[in-house]
Amino acid sequence: MKKIVSIFKNKEIVNRIFFTVMILFIIRIGDAITVPWVTTTGELEQALNGASAIALMDLLGGGALSNFSVFALGVSPYITAQIIIQLLSKDVLPALTELSKQGEYGRKKQEMATRYLTLLLGAVQAYGIIQTMENSNYIEFGSGAPTGFWKYAYLVTVMLAGAMLVMWLGDQITEKGIGNGISVVIFAGCVRSLPTQITSAWSKYISQNLSHGSSDIIQGSFQFALYILVYLLIISFVVFIEMARRKIPVQHAGKSGQTAAMSRASFLPLKVNSSGVMPVIFASAILSAPTVIASFISTEAASAGWLTIFDYSSMYEMPWFNDETWEMPWGLLIYIFLIIVFCFFYAQMQISPEQLAENFQKNGSYIPGIRPGKETERYVSKVLNRITCIGALALAIIASLPPILVLSGVFGNDTSLAMGGTSMIIIVGVAMEMNSQIDGLLAGKSFDQVQMGGE
């Protein structure tokens, strides 16, 4: 309560929060504006309620794909471009690697390259989404719509313009609002579905049983309470994983006068889940690629039975002895495997043990009991791999929870009640990031007041 009062007393924080809310309001207005001549079908709504690739696209689009709005692409092209530029900056393209070492100037040049790549990827992704949704009968074109080349040129231009506008609005949140703008845009799309999910659970367990006997009402109330309790436990687990860190003690040469308290305070914190939600996005993109490519070819190719093997919310049927069949969730197993692999890959990219050991030597820092140089590099790499193993398993459990619940049939045909998943990781991660920024602004204000009091 004291913190809330402090926030409202801080004019800068209030202005930043108000600015963020207004930008998100503008984005929600854009989400409601459907691309001209296009109408969505009931099949799209059914696909979005499940744990499918199209549902992930809608998530990264902030929920705009559900009605094929002008903001349907969302920030997805920008995120993809950022990832590619980061990967190429890791000693793949010498020019980008050099820019990454040039401070603010290099950062601005990298950002410009990211924007140009966003334009290219956005155009390709827009065309791919149009083809996929058209071949899957998710959208229909009304009378008077352009035909042939001009239809696709028009739709791609509108969607690309919307994506660039969302990217610009996200940048404004970063500069003048609260949190990382791109993350906040996705966060808003994820939060949007929470009230609907809780309302659906209330309707299923409480409202539908009111006309039945008292035993059904009591049973429904117990099921709803259990549903909310499990939801809160999942949120607590995600928060625990996001906050978990392995602290490696670090000492500095020439500071022999350090007290025991100072030595304990100096450490290198390594997050258990240093890769965040990126492995889930990578894994989902790879799993959805075969379906998207097939949709480019034809409607028949998009509906081919073998594509079910890449659907992590479906069972793949295979032949067995005596003309019998058996089912296996290959899509889900591939999904979990890819998440774990990308967790290790992204962790090594985010925290380079080699560069860390080199920086320690330059600054005269060392880990007690570990020799500088190669031994420090091996030690940090060993610790990083161990904690990443825990983080990867936790991330795989959280991300695969919705398809597991769908496949188990816990909620019957109502797959929208499935809990956990990518959205939960994003909501918790962004909320914690925004909280940290607010704490920083409050601490800065307190420091200024102390200085003014001292003067």
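Start by selecting Arg 245, which sits in strand E3 (residues 245-249); strands here are DSSP runs of E with at least two residues, helices are runs of H or I with at least four, and both are numbered from the N terminus. This is a predicted model, in which local features need pLDDT of at least 70 and side-chain atom pairs count only at pLDDT 80 or more, while totals for chains, interfaces and linings use all residues. Residues are numbered from 1 along each chain as its sequence is written, and side-chain values use heavy atoms, with hydrogens and water left out.

**Stop 1: around Arg 245**

Now show the contacts of Arg 245, where contact means heavy atoms within 4.5 Å. Leaving aside neighbours within four places in sequence, you will find Pro 269, Leu 270, Lys 271 and Val 272.

**Stop 2: the whole chain**

Zoom out for a moment. The chain has 17 helices and eight strands, and 42% of its 455 residues count as buried. Among contacts between residues at least 6 apart in sequence, 71% join residues at least 24 apart.

**Stop 3: the loop between H4 and H5**

Next, select Gly 63, in the loop between helix H4 (53-60) and H5. Gly 63 is buried, at a relative accessible area of 5%. Which residues does Gly 63 touch, not counting those up to four places away in sequence? They are Asp 58 and Arg 192. Draw a distance from Gly 63 to Arg 192: the two are 129 residues apart along the chain, yet their C-alpha atoms are separated by 7.9 Å.

Stay in this loop and move to Phe 68. Phe 68 is buried, with a relative accessible area of 0%. Its backbone deserves a look too: phi of Phe 68 is positive, at about 50 degrees, although the residue is not a glycine. Most residues other than glycine have a negative phi.

For another case, jump to Trp 37, in the loop between helix H2 (11-31) and strand E1 (38-40). Trp 37 has a positive phi near 70 degrees, and this residue is partly exposed, with a relative accessible area of 38%.

**Stop 4: the nonpolar cores**

Go back to Phe 68, which is among the residues with the most contacts inside the largest nonpolar core, together with Met 133, Met 159, Val 280, Tyr 335 and Ile 339. A nonpolar core is a set of buried Ala, Val, Leu, Ile, Met, Phe, Trp, Tyr and Cys residues joined through side-chain atoms within 4.5 Å. How many residues does the largest one have? It has 85. A second, separate core has 13 residues, including Ile 248, Val 250, Phe 360 and Ile 387.

Center the view on Met 159. Not counting residues up to four places away in sequence, Met 159 touches Phe 68, Val 70, Ala 72, Leu 73, Ala 126, Ile 129 and Ile 130.

**Stop 5**

Select residues 76-88, the 13 residues of helix H5. At 1.5 Å a residue (times one less than the number of residues), H5 should span 18 Å, and its end C-alpha atoms are 19 Å apart, which agrees. The buried residues of H5 are Ser 76, Pro 77, Tyr 78, Ile 79, Ala 81, Ile 83 and Ile 85.

Axes are lines fitted to C-alpha atoms, for helices over the stretch in contact, and angles run from 0 to 180 degrees between N-to-C directions. Angles under 35 degrees count as roughly parallel, over 145 as roughly antiparallel, 65 to 115 as roughly perpendicular, and the rest as oblique. To see where the helices meet, show residues including Tyr 78, Ala 81 and Ile 85 in H5, and Leu 117, Leu 121 and Gln 125 in H7.

**Stop 6: Thr 376 and helix H16**

Finish at Thr 376, in helix H16 (residues 374-408). Thr 376 counts as buried, at 3% relative accessibility. Beyond its neighbours within four places in sequence, Thr 376 is in contact with Ala 357, Phe 360, Ile 367, Ile 370 and Arg 371.

Then bring in helix H14 (residues 330-350), which packs with H16 at an angle of about 150 degrees, their axes 8 Å apart. H14 and H16 are therefore roughly antiparallel to each other.

Notes: Buried < 20%, exposed > 50% of the residue type's maximum accessible area, 1.4 Å probe, protein only.
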